[in-house]
Amino acid sequence: MKLFADLEKIIKYDEPMASHTWYKLGGPARYFITPENHDQLLEVTKRCHENNIDIYVLGGGSNMLISDNGVDGAVICLSADCFKQVEIKGDHVKAGAGVSMSSLLRETARNGLGGMECMAGIPGTVGGALKINAGGRFGDIGAMTWSVDLMDSSGYEFIWQANELYFGYRMSNITARYILGAEFKLTQDDPERIGQMIKEVWMLKKSSQPMETRSAGCVFKNPRAMSAGALIDKAGLKGTRCGGAVVSDRHANFFIAETGAKSQDVLNLIDLVRNKIIERFGVELELELQIWK
Ligand SMILES: Cc1cc2nc3c(=O)[nH]c(=O)nc-3n(C[C@H](O)[C@H](O)[C@H](O)COP(=O)(O)OP(=O)(O)OC[C@H]3O[C@@H](n4cnc5c(N)ncnc54)[C@H](O)[C@@H]3O)c2cc1C
């Protein structure tokens, strides 16, 4: 029997990952799977396990660098409608893992629910944001998270409440294979005021970050009490390039992929910058960017 018999509709073979990442880089995934419901998610997970196929979960691909060689396994993406539902009840909002942060922000603001303004200008999905506790200087997604719906590798679905969750700086304690969705507690507020705050956060980001270029946001986490971007800038590395990858002039912690860039160029640039920062300041920068290689 074929490995994914009767699931062919949701499987693509040798799918170029460049089509699914903000960097627009990355070779083919052996299997690219978009389950349409929980049962299909469970079934593909089971078949992958039975056949020793590694599973990788992809959200919006906005924090990812995927190797030019691609992914020798199954990339599972919760982008079907079933994982993109939003439900508002009073000041609580339930959102599927596949909902884009920008549409959730729009929807909550329109309904006079504030608290998510700190997520303005952060691309990607609810699932990806929860996994790494996305956010910035105005707050992070963990702060408004009431509970998270999860599925482990055996298909067991469960919910973690706020008191079981831990969100730190660009990390969470979520280790379950799949984030299926979450419930957020927001605050009732004037839609116009919320809209104004979103605009302000967005403008601030736009003025300091190269939003319109191919990147994956900040490459490195900020070391304690320091800014990774400021260290890279101080070391004179703005504009440094490896092939088609270049350190942004606008924000030194953004590495841009120019036309013709390869994932390997970005990887080389990461090594080069990291080594220079160790040499110059004795600080070892930790990656914020997720790398599949
Ligand atoms: C221009 C730009 C600006 C950015 N600004 C910011 C910023 O201000 N603050 C910030 O924090 N980030 C920022 N980012 C990075 C990125 O947008 C966020 O980290 C975002 O939350 C990632 O979400 P995603 O859906 O794209 O996740 P992906 O990049 O697809 O995945 C990220 C991680 O989450 C895991 N994951 C994704 N979905 C699921 C799921 N359903 N279940 C289990 N695991 C899952 C993946 O396996 C991976 O480990 C920026 C990126 C860009 C391109």
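Helix α3 provides the largest share of the shell around the ligand, with five residues. Helices (H or I, at least four residues) and strands (E, at least two) are DSSP runs, numbered from the N terminus. This is a predicted model, in which local features need pLDDT of at least 70 and side-chain atom pairs count only at pLDDT 80 or more, while totals for chains, interfaces and linings use all residues. Residues are numbered from 1 along each chain as its sequence is written, and side-chain values use heavy atoms, with hydrogens and water left out.

The ligand is surrounded by 32 residues, and Val 57, Ser 62, Thr 125, Gly 135 and Lys 205 are the closest; a residue counts as near if one of its heavy atoms lies within 4 Å. At least two shell residues each come from β3 (55-58), α3 (126-132), β15 (178-185) and β20 (290-292). Because domain 1 (8-81) and domain 2 (84-208) both contribute to the shell, the ligand lies between them; the domain bounds come from an automatic or database assignment.

| Residue (backbone atom) | Ligand atom | Distance |
|---|---|---|
| Pro 123 | oxygen | 3.0 Å |
| Gly 128 | nitrogen | 3.4 Å |
| Ile 179 | nitrogen | 2.9 Å |

On its own, the ligand has 960 Å² of accessible area, and the protein covers 95% of that (Shrake-Rupley method, 1.4 Å probe).

Now to the sheets, where two strands pair if DSSP finds at least two bridges between them. β3 pairs with β5 (residues 71-77) in the parallel sense over four bridges, and Val 57 has Ile 76 in β5 as its bridge partner.

Another open sheet has five strands, ordered β6-β7-β15-β11-β12, with antiparallel pairing. β6 (86-89) and β12 (157-161) are the edge strands, each pairing on one side only. Strand β11 (residues 145-151) joins β12 in the antiparallel sense over five bridges, with Val 148 opposite Trp 160 in β12. In this sheet, β15 also belongs to the elements that supply at least two residues of the ligand's shell.

Definitions and conventions:
Polar contact = N/O pair within 3.5 Å; in protein donor to acceptor, adjacent residues only side chain to side chain.
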